[in-house]
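These are my notebook entries on a structure that I am looking up piece by piece.

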Amino acid sequence: MNDSIVVVLVASSIFYGTPLVFAAVGELLAERSGILNLGVEGMMLIGAVTAFWSVQHIAGPDWLVLTLATLIGGIAALATSLIHAVLSVSLRANQIVSGLALTIFAGATGLSSYIGNVAGLGGQPAKHEFTAIDVFGLSGVPVLGPILFHQNALVYASWALVILALAYLYRTRTGLHLRAVGESPQTADVMGIAVARYRYAHTLAGGLLAGVGGAYYSLAITPNWIDGMTSGAGWIAIALVIFAFWRPELTLAGAYLFGLFSSLGFVLQARQVPLPPELLGALPYLMTVAVLVVVSTGWAKQRLGAPASLGVPYVREER
Amino acid sequence: MRIQRRLHTPRWLLVAVPAGSLLAAFIATAVVLLVAGNDPIYVYARLFERAFIAPGALTNTLITATPTLLTGLAAAAAFRMKLWNIGAEGQLYVGAIGASGVGLALGAQAGPVIIAAMILGGVLAGAAWAIIPGLLKAYFNTNEIITSLMLNYVAGLLLTYLIFGSHSFWRDLSSFSARQFPQGKVLSDAASWPTFDLGVLVLPFGFVLGLLAALLLWLLYRSTIFGFQARILGDSPSAARYAGLKTRRVVVAMMGLSGALAGIGGASEVGDFRHLLDARGLQQVGLGYTGIVVAALARYNPFAVVLVAFLLGGLTNAGYSLQGPGFPSGLVGVLQGMILFFALGGELLLHYRISFTHLSLSPLGERVSERG
């Protein structure tokens, strides 16, 4: 029963959707503060390459090395996102161009490739990788076992992250302030909230989480290093935030839907269903377009819209 | 420290800021090189030599500059009216598919006929691909950044499918080895675009098309009604609506124009350089994304796009020819990103003045600034 195609599909869509959860929740936090960061793809690749470097160079037990590597990936991506924060918060640059510049700088033909090349990371298998944990020995439970109790540690971490993000946004004072900053920085400023500080902090948090999502690629999905290995996941994460109406719990649903399309290709191929792999490969991208169209129509926008000041620099003197 | 908006920008700053940004970018990249254990002066000297000085370097620089000139114009056209078409990458692929398809189909015709048809094929294919996000933007208010970008991946997969995943019209199936190692059908000699030998350098036809397109784009924005409408729409969408502009029509048309320019880039890749549909090669170089860098650095001015495309073309060309030990891959992207960051930061200095003053509060609680 646990080998049935539905169970395998659901379990693997969670597996493939998890990096998107991290990156999308990160981008969501940044966007809630009013900062649009299109550099997610670049930050994920920085996270992927530095995390992979770490597992190759740190000695120790699996759990310790993997924790450190994931953290290092996150921190490296956080440092990358600082560039975007300085440019868009302090220097009031165009956030779209700045984010694109970040992806060019760090992405598949930039710094991540440079680091991988200088450190000679290509073509070696990872010395440590995330593997599925048999939680409470329940992995054999029919249907639910493989889906809920036989995933890797980062999957469980991503569930915790979504709960934390929800509690943070809707149950804490800082979360309330954050939403105020994203909706109306003028009002927030008058209330005595440090707008710039909030925008910096959440852009950096977005970088950290994108880095963790990137690390998932080089430590869990394909445990090695290839230039541009996230192949557009960063862009899908940005689309997911819109898809999820800027709500953390919905990013989870969206990410698994995209994970489903990524895994559908592998599963159908393994079962020898004759469909061109390119068509299946294109499905997540076409899905994003279709979903965006539905989400962008009037009724959906009115119910739950974007943070009102998204992408607009805040200049106190010019309010 | 206070940042105040400038009422007018002094002339000298318009030159000093970009030059300073460029210098700062090279210095920052030098730091990256030093950290990785490379000698920056040596790397830069070789970069400059291979880009502009060495025999044949200028010709190669023009070859790498040609597609990014066209994708740069594509981005500049759309970005000028704040239409964020970042799909030039995919529009270029589709343009290459269209142009090579037409070129293959007309194999027996005379040169000028094939070449004209290939340009048209590239234009139509690129425009059609770009009009999809354009229509979605115009009628459903869908974010064109994401949709145009998603279509890049779809176009890439289409390219892969045509050469690697199927026995399509574009694929060479004439010999056993071609069936084992998939590649595109080679176009007839008549479909090769002409070149112009100017002594020190050889000008590819695609570059000439790019120059022409830059001139036309400048004229379009400067002295046509459509360009005027696009400028209004870019500067103030609400004003455009109140003035009764047919906003949707302008958005769709501008997307089409932008895609058409990128499509010519794809056609030029086929006609000028590759002479077949090179599914893998086209996807390795990121010509569309580089176009965005070019347009942003040129601040969406078509003539500046020509200059920037040439300079970045030199950088990329040198990057290719130097790749190997002592010259790591990814360096060119790092340098391009740095240049963009500093150029963006430099914008602030053009529009704002930074003054160092002390802030103090008057008894009434108003902020009073005193020069310190």
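Does A:Ser231 count as buried, exposed or partly exposed, and what are its C-beta neighbours inside 10 Å? I found 17 C-beta neighbours inside 10 Å, so A:Ser231 counts as partly exposed; the cut-offs, with C-beta atoms placed from the backbone, are 20 or more other C-beta atoms within 10 Å for buried, 12 or fewer for exposed, and partly exposed in between.

Before going on, I note that this is a predicted model, in which local features need pLDDT of at least 70 and side-chain atom pairs count only at pLDDT 80 or more, while totals for chains, interfaces and linings use all residues. Residues are numbered from 1 along each chain as its sequence is written, and chains are lettered from A and ligands numbered from 1 in the order in which they are written.

Entry on backbone angles. I looked up A:Ser231 again and placed it in the loop between helix 10 (195–221) and helix 11 of chain A, helices being DSSP runs of H or I with at least four residues and strands runs of E with at least two, numbered from the N terminus. Its phi is positive, about 35°, although A:Ser231 is not a glycine. Most residues other than glycine have a negative phi. In chain B I noted B:Arg299, which is not a glycine and has a positive phi near 50°, in the loop between helix 13 (287–297) and helix 14 (302–322) of chain B. B:Arg299 counts as partly exposed, because it has 16 C-beta neighbours inside 10 Å.

Entry on chain A as a whole. I recorded 14 helices and two strands in chain A. The radius of gyration of chain A, taken over C-alpha atoms, is 20 Å, close to the 20 Å that the globule rule gives for 319 residues, so chain A is as compact as a globular protein of that length; the rule is 2.2 Å times the number of residues to the power 0.38. The C-alpha trace of chain A spans about 60 × 50 × 40 Å along its principal axes, and 53% of the 319 residues are buried.

Entry on a helix pair in chain A. I found that helix 2 (residues 40–57) and helix 4 (residues 95–106) of chain A pack at an angle of about 30°, with their axes 7 Å apart, where axes are lines fitted to C-alpha atoms over the stretch in contact and angles run from 0 to 180 degrees between N-to-C directions. That makes the two helices roughly parallel, the classes being under 35 degrees for roughly parallel, over 145 for roughly antiparallel, 65 to 115 for roughly perpendicular and oblique for the rest. Among the residues that make the contact are A:Met43 and A:Leu45 of helix 2 and A:Leu102 and A:Phe105 of helix 4, contact meaning C-beta atoms, placed from the backbone, within 7 Å.

Entry on a helix pair in chain B. Helix 8 (residues 205–223) and helix 9 (residues 225–235) of chain B pack at about 75°, with axes 5 Å apart, and are therefore roughly perpendicular to each other. I saw that B:Leu220, B:Tyr221 and B:Arg222 in helix 8 meet B:Phe226, B:Gly227, B:Ala230 and B:Arg231 in helix 9.

Entry on the two chains together. I noted 38 residues of chain A in contact with 40 residues of chain B. The largest share of the chain A side, ten residues, comes from helix 13 of chain A.

Definitions and conventions: Contact = placed C-beta atoms within 7 Å.
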